[in-house]
Amino acid sequence: MPTTTSSDRGTVVLLPFPFSDLSGAKLRPAVIVSPKYPSDDLLVVALTSVGDSLRPGEFAIRSWRQAGLLHPTYAKRALASVSVDLAYKSLGFLQQDDLARLDGALRLWLDLGVS
């Protein structure tokens, strides 16, 4: 049963992240990227410990220990909308520089241009 978690932007949570073909889900860390607004869903980006063959915009989390992660971790180009009830627990928070890099990656992945 999930425990109470923070739903603030930049929070690293553990949740069952869906596979892109919707064949199931893998319990993994993800970072909340949704802004603060009333919703039962979270927009999240998957995190992974596999850093070889990074795609454009994917990057190493520099302050992975401070984010509550156990291993060097990478932001993965995998964005999902999941129920807030699926977040098992909060692991930590991204540091400001990692959050800024994630903002840049989201702009690239969603073709939003540079601000």
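This is a predicted model: local features need pLDDT of at least 70, side-chain atom pairs count only at pLDDT 80 or more; totals for chains, interfaces and linings use all residues.
Six strands make up an open sheet whose order is 4-5-3-2-1-6, with antiparallel pairing. Strand 4 and strand 6 (89-93) are the edge strands, and each of them pairs on one side only. Strand 1 and strand 2 (residues 25-32) are antiparallel and share seven bridges; within this pair, F17 stands opposite K26 of strand 2. The two strands form a hairpin with six residues between them, and L22 in the turn has a positive phi of about 60°. Three bridges connect strand 2 with strand 3, again in the antiparallel sense, and here V31 faces V45 of strand 3.

**Nonpolar cores**

The largest nonpolar core holds 17 residues, of which V12, V31, V45, L47, I61, L94 and L102 touch the most other members. Strand 3 and helix 1 (96-109) each contribute at least two residues to this core, and the largest share, five residues, is that of helix 1. Beyond four places in sequence, I61 is in contact with L47, T73, Y74, A75, L94 and D98. Another core, of 12 residues, lies apart from the largest one; F17, A30, I32 and L42 are among its members.

**Salt bridges**

The structure contains four salt bridges.

K36 is exposed at 67% relative accessible area, whereas D8 is partly exposed at 32%. D97 in helix 1 and R62 in the loop between strand 4 and strand 5 also link distant parts of the chain, being 35 residues apart. D97 is partly exposed, at 34% relative accessible area, while R62 is exposed at 57%. D98 and R101 are separated by about one helical turn, because they are three residues apart in helix 1. D98 is buried, with a relative accessible area of 0%; R101 is partly exposed at 26%.

E58 occupies the loop between strand 3 (41-48) and strand 4 (59-60). Although buried, E58 has no salt bridge: R55, the nearest side chain of opposite charge, is 4.8 Å away, and a salt bridge requires a separation within 4 Å. The side chain of E58 instead places a polar atom 2.7 Å from the backbone nitrogen of R55 and reaches the backbone nitrogen of R77 at 2.8 Å. Contacts of E58 beyond four places in sequence are S53, A75, K76, R77 and W109.

P16 belongs to strand 1 (residues 11-18). P16 has a relative accessible area of 22% and therefore counts as partly exposed, the limit for a buried residue being under 20%. Its C-alpha is 6.9 Å from that of L86, although P16 and L86 are 70 residues apart in sequence. Beyond four places in sequence, P16 touches A25, K26, L27, L86 and Y88.

How values were computed
Residues are numbered from 1 along each chain as its sequence is written. Side-chain values use heavy atoms; hydrogens and water are left out. Helices (H or I, at least four residues) and strands (E, at least two) are DSSP runs, numbered from the N terminus. Buried means under 20% relative accessible area, exposed over 50%, partly exposed in between (1.4 Å probe, protein chains only). Lys and Arg count as positive and Asp and Glu as negative; His and the chain ends are not counted. A polar contact is a pair of N or O atoms within 3.5 Å; within protein, one must be able to donate a hydrogen and the other to accept it, and residues adjacent in sequence count only if both atoms are side-chain atoms. Contact means heavy atoms within 4.5 Å. A nonpolar core is a set of buried Ala, Val, Leu, Ile, Met, Phe, Trp, Tyr and Cys residues joined through side-chain atoms within 4.5 Å. Two strands pair if DSSP finds at least two bridges between them.
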